[in-house]
Amino acid sequence: YDGELICADSRTVYKGMDVGTAKPTSNDQKQVRHHLLDVVEPDEPFTAAQFKELAQKAIVDITSRGKLPIMVGGTGLYADALIFDYQFGDTADPTRRHELQAMTVEELQQLCLEEGYSLPLNLKNKRHLVRAVEMGGLMNQKKKLRPNTLVVAITTDRDVLKSRVTKRAHDMITEGVLDEVKKLGQKYGWESEAMTGNIYRIMRPVVEGILPLE
């Protein structure tokens, strides 16, 4: 289809997070141009609002050259923010965010109820709760698909998925994910947002000798 890819993934935007995110390889990227990979360092903040802005610029760039933009991934909020034109509130105050992140999920839920804020759909997700408080309640998103957009979903048999997940786990270990996790943890710290990604969170106790690799 003579297209170029826009990667809607909240972890492949980070530089150096390659094996643990199954980031497209250099050979993959030679075959077709990829956008929004390696955007920021792992200790830099990056939001869905920033993704939306950069993705919109990528679409203008791709279409201006007569190519087809194909968004793939990844992170549902990133994809929805673009195709449903989500509106976002102001940038969070770092001090206030630090205070909210120190609270438990139950405390954040109670704060939302006390202040009359609507609870997020995933009311056990701490990040969603923090953002709901910061914004004074969640914005009502229209969920109206942007023009000239086709959404394609792929479904696979559960047993096939399980075998692929198992293979991916073994492949990541073979390709050096433990070294990657160790270097990133030492360089950027374990508390950065980037390091909360599934693989990095799971592999931390392995790197620290708490959990066996098996």
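The stops below cover the chain, a pocket, a loop serine, a helical glutamine and the cysteines.

**Before selecting**

This is a predicted model, in which local features need pLDDT of at least 70 and side-chain atom pairs count only at pLDDT 80 or more, while totals for chains, interfaces and linings use all residues. Residues are numbered from 1 along each chain as its sequence is written, and side-chain values use heavy atoms, with hydrogens and water left out.

**The whole chain**

Helices (H or I, at least four residues) and strands (E, at least two) are DSSP runs, numbered from the N terminus. Their order from the N terminus is β-α-β-α-β-α-α-α-α-α-α-α. Along the principal axes, the C-alpha atoms fill a box of roughly 50 × 50 × 35 Å. Of the 214 residues, 31% are buried, where buried means under 20% relative accessible area (1.4 Å probe, protein chains only).

**The second largest pocket**

Next, select Ile-70, Met-71, Val-72, Leu-150 and Val-152, which are the closest to the centre of the second largest pocket among the 27 residues that line it. Its volume is about 1100 Å³, taken as the space filled by probe spheres set on grid points joined across faces, edges and corners. A pocket here is an open set of points on a 1 Å grid over the protein atoms alone, where a 1.4 Å probe fits, with protein on both sides within 12 Å along at least five of seven lines; lining residues have an atom within 4 Å of a point. Now highlight α2 (48-64), β3 (68-72) and α3 (76-83), each of which supplies at least two lining residues.

**Ser-10**

Move to the loop between β1 (3-7) and α1 (26-31), where Ser-10 lies. Is Ser-10 buried or exposed? Ser-10 is buried, at a relative accessible area of 16%. Show residues in contact (heavy atoms within 4.5 Å): beyond those up to four places away in sequence, Ser-10 touches Thr-75 and Tyr-78.

**Gln-109**

Select helix α5 (residues 105-115) and find Gln-109. This residue is buried, at 18% relative accessibility. Setting aside neighbours within four places in sequence, Gln-109 contacts Leu-119, Leu-123, Lys-124 and Leu-129.

**The cysteines**

Finally, select Cys-7, buried at 5% relative accessibility, and Cys-112, buried at 0%. With a disulfide defined as a pair of cysteine sulfur atoms within 2.5 Å, the count is 0 disulfides.

Conventions: Buried means under 20% relative accessible area, exposed over 50%, partly exposed in between (1.4 Å probe, protein chains only).
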